[in-house]
Amino acid sequence: MTNITVLVKDITTLPVDVIVTPSNTALVNGGGINADIHQAAGPQLIVECQKLNDCPVGEAKTTSGHQLASEHLIHTTVPFWFGGCDNEPEQLSECYRAAVEEAHKLGVKSIAFSSLASGIAQFPASIAAEIAVSAVKQALADATEIEQVFFVCTTSEDVACYNDLLLN
């Protein structure tokens, strides 16, 4: 059974097999946590990302972690929140499922997710957390080798949302 933990920590320093970062379609250094991850990973990351071409919303692509504490980095292009009327919840759910599928292909044991859409993409924290927990739990059914999942938060609001969902 997979252990799921909620943390407040700098995700770039977390010693896990895979870190999942929210990205843009061009996989270039964006803002928020994506910018922090690109900065920590070093300039080799952007060179590798440029070789991957684009990544449509809801899909995921893998690179090396470079100077991060993780061996791999999974990039998933998240949708922006427009009130939930433009298929955003389903698209965000696909991001989490695609990331778990990529991790499964890598055969890793631990994965850390930043809150993929509650920052710059403007998803309400409670909706983003509900989608994350539900999608990851569903995807883990096919990725039984993953032993540890971390939801790494930066705000107390995010932590409360995730803990609420995981405790109930």
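## First stop: a bridge along a helix

Start by selecting Lys-105, which is exposed, with a relative accessible area of 63% (buried means under 20% relative accessible area, exposed over 50%, partly exposed in between, with a 1.4 Å probe and protein chains only). Before we move on: this is a predicted model, where local features need pLDDT of at least 70, side-chain atom pairs count only at pLDDT 80 or more, and totals for chains, interfaces and linings use all residues. Residues are numbered from 1 along each chain as its sequence is written, and side-chain values use heavy atoms, with hydrogens and water left out.

The term covers a side-chain nitrogen of Lys or Arg within 4 Å of a carboxyl oxygen of Asp or Glu. Glu-102 is buried, at 16% relative accessible area. Both residues sit in helix 3, three residues apart, about one turn of the helix. Helices (H or I, at least four residues) and strands (E, at least two) are DSSP runs, numbered from the N terminus.

How many salt bridges does a search of the whole structure find? It finds three. For another one, stay in helix 3 (residues 88-106) and pick Glu-94 and Arg-97, which are separated by about one helical turn because they are three residues apart. Their side chains meet at 2.7 Å, N to O. Glu-94 is partly exposed at 36% relative accessibility, and Arg-97 is partly exposed at 23%.

Next, select Glu-147 and Lys-109, a salt bridge with its closest N and O atoms 3.9 Å apart. Glu-147 is in the loop between helix 4 and strand 6 and Lys-109 in the loop between helix 3 and strand 5, so this pair ties together parts that are 38 residues apart in sequence.

## Into the largest pocket

Head over to the largest pocket, with a volume of about 470 Å³. Of its 30 lining residues, the closest to the centre are Pro-22, Ile-33, Leu-116, Gly-119 and Ile-120. Helix 1 gives the largest share of the lining, three residues. Here a pocket is an open set of points on a 1 Å grid over the protein atoms alone, where a 1.4 Å probe fits, with protein on both sides within 12 Å along at least five of seven lines; lining residues have an atom within 4 Å of a point. Points are joined across faces, edges and corners, and the volume is the space filled by probe spheres set on them.

Click Ile-120 in the loop between strand 5 (110-114) and helix 4 (125-140). Ile-120 is partly exposed, at 48% relative accessibility.

## Buried or exposed?

Select Thr-76 in strand 4. Is Thr-76 buried or exposed? At 0% relative accessibility, Thr-76 counts as buried. Beyond neighbours within four places in sequence, its contacts (heavy atoms within 4.5 Å) include Val-20, Cys-95 and Leu-116.

Finish with Leu-27, in the loop between strand 2 and helix 1. Its phi is near 60 degrees, a positive value in a residue other than glycine. Leu-27 is buried, at 0% relative accessibility. Then try Asn-53, in the loop between helix 2 (44-50) and strand 3, with phi near 65 degrees. Asn-53 counts as exposed, at 57% relative accessibility.
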